[in-house]
Amino acid sequence: MIQIYKVDNTDFSKNGDMTLFPVSAEVKVELNNVWEASLKHPIDAEGRWKYLEEDAVIKMPSFNGEQLFRIRKKYKSDSAVNCTLEPVFFDAIDDCFLEDVRPVDKNGQEALDIMLAPNAKYTASSDIRKISTAYYQDVNFMEALNGDVKQSYVKRWGGEICFDNFNVIVNERIGSNNGVELRYGKNIKKNGISEEVDT
């Protein structure tokens, strides 16, 4: 089920303000790079499309469970509304500011705890044991985590980032290699892979 929460509704533990029936809803992820979603909803007679406003939050299934995404861009045509979304954790750009934070000789988890101390709304977990040091002054958490600066967490401690609503996971490796290999002509029939979903 895909639900939308109005901008002023921040109780994500309950049902949203409206259920959506989009034509498409996709999540695009590149580790430590792009993390966004897109949604296309028809202009329906019930008026569900009217709930699609910038900064509203959509709860929808993703590869890592139900996730919250904030609408950042919206385009309306005669037949549909197209939205670009980003994980709700990206709100940390605006409300988790590091004025002078210095994780010194800390492992990955300890460093994240110190970095997120300015805003209890966000949490983090990490299995990184490497000990390192970084200084963050006048930056937001997202820039400190994976920005294009020498002091970024990913450059100091390493790891792969996974956003899970208001929690960020930075582990040595996200997921695992189970030795599965798909090879055309070996274990995939010549007509390839296909999937049809009718909701």
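This is a predicted model: local features need pLDDT of at least 70, side-chain atom pairs count only at pLDDT 80 or more; totals for chains, interfaces and linings use all residues.
Residues are numbered from 1 along each chain as its sequence is written, and side-chain values use heavy atoms, with hydrogens and water left out.

**Whole chain**

Begin with the protein chain in cartoon form, which shows 4 helices and 12 strands. Helices (H or I, at least four residues) and strands (E, at least two) are DSSP runs numbered from the N terminus. Of the 199 residues, 39% are buried. Among contacts (heavy atoms within 4.5 Å) with a separation of 6 or more, 53% join residues 24 or more positions apart.

Select Gln67, in strand 6 (residues 65-76). Its side chain reaches the backbone nitrogen of Asn165 at 2.9 Å. This is a polar contact, a pair of N or O atoms within 3.5 Å; within protein, one must be able to donate a hydrogen and the other to accept it, and residues adjacent in sequence count only if both atoms are side-chain atoms. Leaving aside neighbours within four places in sequence, the contacts of Gln67 include Ile58, Met60, Phe163 and Asp164.

Next select Phe69, also found in strand 6. At 1% relative accessibility, Phe69 counts as buried. Phe69 and Pro87 are 18 residues apart in sequence, yet their C-alpha atoms are 4.4 Å apart in space. Beyond four places in sequence, Phe69 is in contact with residues including Val27, Trp35, Ala56 and Leu85.

Now display Trp35, Gln67, Leu68, Phe69, Pro87, Val88, Phe163 and Asn165 together: these residues line the largest cavity. On a 1 Å grid over the protein atoms alone, a cavity is a set of points where a 1.4 Å probe fits but cannot get out, and lining residues have an atom within 4 Å of a point.

Move to Phe141, which is in contact with residues including Phe89, Cys96, Leu112 and Val168, beyond four places in sequence. The largest nonpolar core has 45 residues, of which Ile58, Tyr136, Phe141 and Tyr153 touch the most other members. A second, separate core of 5 residues includes Phe12, Val57, Leu68 and Val88. Such a core is a set of buried Ala, Val, Leu, Ile, Met, Phe, Trp, Tyr and Cys residues joined through side-chain atoms within 4.5 Å.

**Helix 2**

Select residues 108-116, helix 2, where Gly108, Ala111, Leu112, Met115 and Leu116 are buried. They lie on the same side of the helix because they cover an arc of only 120 degrees around the axis, taken from the directions from the helix axis to the C-beta atoms. Their cover includes strand 8 (97-101), helix 3 (141-146) and strand 12 (167-171). At the N-terminal end, Asn107 caps helix 2, with a side-chain oxygen 3.1 Å from the backbone nitrogen of Gln109.

**Two loop residues**

Finish at Asn32, in the loop between strand 3 (24-29) and strand 4 (35-42). Phi of Asn32 is near 60 degrees. Asp55, in the loop between strand 4 and strand 5 (57-62), has a positive phi of about 80 degrees.

Note on methods:
Buried means under 20% relative accessible area, exposed over 50%, partly exposed in between (1.4 Å probe, protein chains only). On a 1 Å grid over the protein atoms alone, a cavity is a set of points where a 1.4 Å probe fits but cannot get out, and a pocket is an open set with protein on both sides within 12 Å along at least five of seven lines; lining residues have an atom within 4 Å of a point.
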